[in-house]
Amino acid sequence: MARYDRAITVFSPDGHLFQVEYALEAVRKGNAAVGVRGTDTVVLGVEKKSTAKLQDSRMVRKIVNLDDHIALACAGLKADARVLINRARIECQSHRLTVEDPVTVEYITRYIAGLQQKYTQSGGVRPFGLSTLIVGFDPYTGVPSLYQTDPSGTFSAWKANATGRNSNSMREFLEKNYKETFGQETVKLAIRALLEVVESGGKNIEIAVMTKEHGLRQLDEADIDVIVAEIEAEKAAAEAAKKAPSRET
Amino acid sequence: MKLDTSGLESISPLFGANSELLGGFSTAPSFELPSSTDFDGFQKEAIQMVKPAKGTTTLAFIFKEGVMVAADSRASMGGYISSQSVKKIIEINPYMLGTMAGGAADCQFWHRNLGIKCRLHELANKRRISVTGASKLLANILYSYRGMGLSVGTMIAGWDETGPGLYYVDSEGGRLKGMRFSVGSGSPYAYGVLDNGYKYDMSVEEAAELARRSIYHATFRDGASVYYVGPNGWKKLSGDDVGELHYKYYPVVPSTVEQEMVEVAGA
């Protein structure tokens, strides 16, 4: 047993935890994921890599719910995600059992981040190779939240964020174009951010919308295509409007 | 036997420390079983030996303005009255009270432990714990020590985001939500007076008086203290000597003598 007490994540001379940084690299190679918080809606969007012809794509669900009022999307090692999601789901129910209250988004995020941190400071294990985006509503106040965790175990709240492949471009887009939205506008903002880095079309994007009343709703391809078409139309109109004044002069 | 120090741990697992990497659940505290032919019988005997007679009356009820909590203040060791001034209403935190019936040490320790857990919950979650949550924490702890001789019959009363809350929790692991409870050997008497005089729409003074009367009738010649829990936390209303209450309720009226006996001079 002594051989497995050795920590894999140890400090480098200049204060880095290389294993954690390598885990972040794994996250950067994972598929793109975006989360946007509106005033009454929260949206998660994930890039859907094209599935093999014979694969049953219905089974591949990248946005999962942890409880009736909390959903999670992640980027990175999917197998690690499964383990983390299972533990989080158990914790959600355990919390309901011990204090007769649903978890708050902050609580479950803290739990997941705590778990990720534990694996950076234990013997014989490696860190989880994924960053998560957690959305949900506070069970009492109804306030929506979006949180992000990463392999080092840190977490923070966001108005909108992206992780995974090309997350920098998506975040730049969100920083430029974010404003307080509600309802369908929030969904559009999330899709627009995702379209910056992903091929257009319903079959490459997975979107899930959560509202206080209806919980988590996964949009099907047809719905997404409709919204994408709207976005393209708006973009075209904006382009035309830009060109029009210059023609007049 | 492993004591529950989980209140002192960061993400508190409910039943003591465990290897969190390997699961989500922890085991209940355990100790070595004695070797005997009839373990169940042995357990029952042990409980009977340890279980002191719950010589107490405590009561609590929810009414329009909040929760009223009252208790007597006698401590007995068998037939000997060891103290007339025990505090049987324990202040868990500024907006939650617990009552003590059963083993005094058990109640005091576990209520303090509950207070620690409540405070840690507040610090971690930036909001107060609900009465439901606090009572559930206590009930889970007591359940994990079931059969090991704890003797606790308590009521958790408080005011949280959802309004007034009252729960009865005991060392068998039972937990009940209710509007009126009385716990202790004097409880049947207290219930009689309480159930008779109870109305939801009472003022604070009326409710305090009802609580006082119920305790008085259950514990003649004893002390009683009454607390009121409202939206801003609890407030101690009175600590009466029930002996004095007796004369307040039944004042001595000098009776007219029919015939006066006069000393006959001489005869």
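**The second largest pocket**

Modeller: A pocket here is an open set of points on a 1 Å grid over the protein atoms alone, where a 1.4 Å probe fits, with protein on both sides within 12 Å along at least five of seven lines; lining residues have an atom within 4 Å of a point. Keep in mind that this is a predicted model, with local features needing pLDDT of at least 70, side-chain atom pairs counting only at pLDDT 80 or more, and totals for chains, interfaces and linings using all residues. Residues are numbered from 1 along each chain as its sequence is written, chains are lettered from A in the order in which they are written, and side-chain values use heavy atoms, without hydrogens or water.

The pocket's volume is about 470 Å³, meaning the space filled by probe spheres set on the points, which are joined across faces, edges and corners. Its lining takes at least two residues each from helix 2, helix 3 and strand 6 (144-149) of chain A, and from helix 2 (104-125) and strand 7 (153-160) of chain B. Helices (H or I, at least four residues) and strands (E, at least two) are DSSP runs numbered from the N terminus. By class, the lining has 12 nonpolar, eight polar and nine charged residues; Ala, Val, Leu, Ile, Met, Phe, Trp, Tyr, Cys and Pro count as nonpolar, Asp, Glu, Lys and Arg as charged, and the others, Gly among them, as polar.

As for the chains themselves, 17 residues of chain A are in contact with 19 of chain B (heavy atoms within 4.5 Å).
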